[in-house]
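Thanks for coming. I have one structure to go through today, so let me put it on the screen.

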Amino acid sequence: MTIELSQFFQVFFEESFEGLDVMESGLMSLGPANVDNEIINSIFRAAHSIKGGSATFGFASVAEFTHVLETLLDEIRSETRVMTPEMVDLLLESVDCLRELLEGLQAEVPVDSARADGLRQKFEAILDISADAVVSETGEVEPVAIGWQIKMVGGEDILRTGNEPIRMFTQLSEMGELTITTDFSRLPSFSALTLDSCYLSWQLTLMADGITRADVDEVFEWVVDECEITIEPIMDESVPVAAEQVAAPEASESVQEVAPVGAAECAVPAGLAALQTQKKAEPGSIRVDIDKIDTLINMVGELVITQSMLGQIGADFTFDKVSKLQEGLQDLERNVQVLHESVMQVRMLPISFTFNRFPRMVRDLSRQLNKKIDLVVKGEQTELDKTVMEKIGDPLVHLLRNSLDHGIETPAERVKAGKPETGVVSLNAFHQGGNIIIQINDDGAGLPKEKILAKARKNGIIGPGVVLSDEQINDLIFQPGFSTAEVVSDVSGRGVGMDVVRRNVQELGGHVSVKSIEGVGSTFSISLPLTLAILDGQLVRVGNQVYIFPLVSIVESLSVDMKQVSTVAGACDLLRLREEYIPIIPLYDAFGIEPDSRNLEKSLIVVVESENAKVGLVVDELQAQQQVVIKSLETNYQSVEGISGATILGDGTVSLILDIGGIVIIGQTTAPMQIKAA
Amino acid sequence: MTKILAVDDSASMRQMITFTLKSAGFDVVEACDGVEGVSQARQHKCDLVLSDVNMPNMDGIAMTRELRTLSDYKYTPILMLTTESGLDKKTEGKNAGATGWIVKPFKPDQLLNTIKKVLG
């Protein structure tokens, strides 16, 4: 029977990457004053499992590399060696290297083994073993025996470890002709007899051709320490010496070899560039908590009950059953809603999946930048949709790098400003309404408003006479190509990316904003929808069309008093709402529909907000609020400015979902910049 | 049907062992550490136990010691899955009552051969 090992690879890779995460976070938490044995143990176990798995599944390059790592960890664990900061660094680097190797194997692309080799040499230097210490067993010339004479004096305890001598004899008898003589001389008197002790000895004669000493040894392998075993060959005097050498290779073959070097796996130096381009599409599997599955199954059970109840009502329906029908439908609605929520829960993962890599990044970067920075992580158990999680990683990395590089000052600057030498960057995730908020806060220098303003004027992003609020100035950093960094650093580059960060976040249906006080610090907030698949929507009617506004972006709805509206020549109307002027966009103009009325006083205005900018959208009627399933317009048709998708309503009609961010931009381009009312 | 308890904290190893044993017609019960191993052993009367050594919560050696105190497992073969570097572990395992060991890495065929040897 052959078993295809490749079917287990996926699980092996998954658990190995998890193991690497365990190692990394364990290593990170080891301080000079904090060498916790349990942490060392968990790091060791992870390395041990990766080694065992990779050897079993034939990934020799990984197995060999992990072996030296494991050896060092084992010595630390058994306290024959003391962990030094250098070792922590080396181990961390090895974790990266292993991840690279495993990613290469998973994607089935060759990975340069130079890094692994270099690191292995460092380990070997610490462990004081030479690289070529691995000596393969050369076939020791063994005389050919025609049989074996074996004496076995049973250890008293062997039965208690489940070792039945009869099993060994059966095995021997399968090799050749076996004669057994049993010696009862050690058997005690009946009263002194213990049932599960072994008092017997045996004299065994095995006559068999081509059975080597190793074969016989293997039979007694597990009891050799407890029993007295002597094995003597029975030689055939007539066999000439020359024949012995012929048989020799066989002897070496039967010795189980340590996994050989997998040269083919890592011979071609291709490196990461190839890996990134050839990386296979994510397999798209997800691990789900069993509780979540149970909830789902329960809900399906409820649904079945409701369905059979409704079925009964429908089978012989009379009008006196209307109230029962309504009751059943209410149950159905409730069940579907809970089912919907539970299904969505399946896709939810704690954000720690993304946060986990940051402590390492902060550690490495702060060294590189010669800064002292503590990272505080809060709310890592907050759950987020898997797809959103995968896409938010890069923008978060960028913001964090930015905070480390441009936010936190050097220790000298901090002391001069009267701050503690060590800066604090905190990462926080929490739920707010239907959104998840991720905040990156630093107690650094804050955004330099004057510099930003000067730069924006120079680049022509804002006109010379325009007065901006602090909020608006800070927001300028999200403009394309904007940077104030005087020196380009290789950590976060020169302003490349803040606009990209904003765009990425917007693609996820979220928004990013910044609050900053000069000299005190900055806080970047990313607000994301919990999931990309459903949306709480407000249905609005314009003429004969029904549109959906995302409920989260609605600030308020009001009917208009014309006294609040001022018309700006060449641009749109402005609504004075308390101390703000906001542009009014009649949706019927934007979409070319005939409304019920063009008189603003007879219409409704829905004030929506995106990125701290507000616009008032003119509609005819507000209808129901409901959850809608988002269907992509792009995949089914093409992308349309101001529309983020479509959905199918209860009556079967298709309704478009407005992209409030896009609408606000349309509003801003047709209106002068929002100005605070005097 | 012969029932085998497979204890390993690595999901891929468990999957591989279970698949191999089931293909050979054995009934398999899984556990991911010693604690679960003991509770599975109590629930199912297993004819053979395969266990990893290094595991969280309760390692294979402690589990073996525990199993040997149960009347159902006094003489049941218990095999440790150990790496070639774990020589001390072999002795330690034997002292705890293990029957023998299978050296990692092993191929499915090697696993089956050893098991057949033990089950006779």
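I will start with chain B, move to a helix pair in it, and end with a strand in chain A.

This is a predicted model, where local features need pLDDT of at least 70, side-chain atom pairs count only at pLDDT 80 or more, and totals for chains, interfaces and linings use all residues. Residues are numbered from 1 along each chain as its sequence is written, and chains are lettered from A and ligands numbered from 1 in the order in which they are written.

Chain B has 5 helices and 5 strands, taken as DSSP runs numbered from the N terminus (helices H or I, at least four residues; strands E, at least two). From the N terminus, their order is β-α-β-α-β-α-β-α-β-α. Of its 120 residues, 48% are buried, that is, with 20 or more other C-beta atoms, placed from the backbone, within 10 Å of their own.

Now the helix pair. How are α2(B) and α3(B) packed? Helix α2, residues 34–43, and helix α3, residues 60–68, both of chain B, meet at an angle of about 25°, their axes 9 Å apart. The two are therefore roughly parallel, a term for angles under 35 degrees. Axes here are lines fitted to C-alpha atoms over the stretch in contact, with angles from 0 to 180 degrees between N-to-C directions.

Last, chain A. Strand β2, residues 177–183, has 7 residues and the number buried is 0, so it lies largely in the open. β2(A) pairs with β3(A), residues 201–207, in the antiparallel sense over 7 bridges; pairing takes at least two DSSP bridges. A:Leu178 sits opposite A:Leu206 of β3(A).

Technical notes:
Angles under 35 degrees count as roughly parallel, over 145 as roughly antiparallel, 65 to 115 as roughly perpendicular and the rest as oblique. A residue is buried if 20 or more other C-beta atoms lie within 10 Å of its own, exposed if 12 or fewer, and partly exposed in between; C-beta atoms are placed from the backbone.
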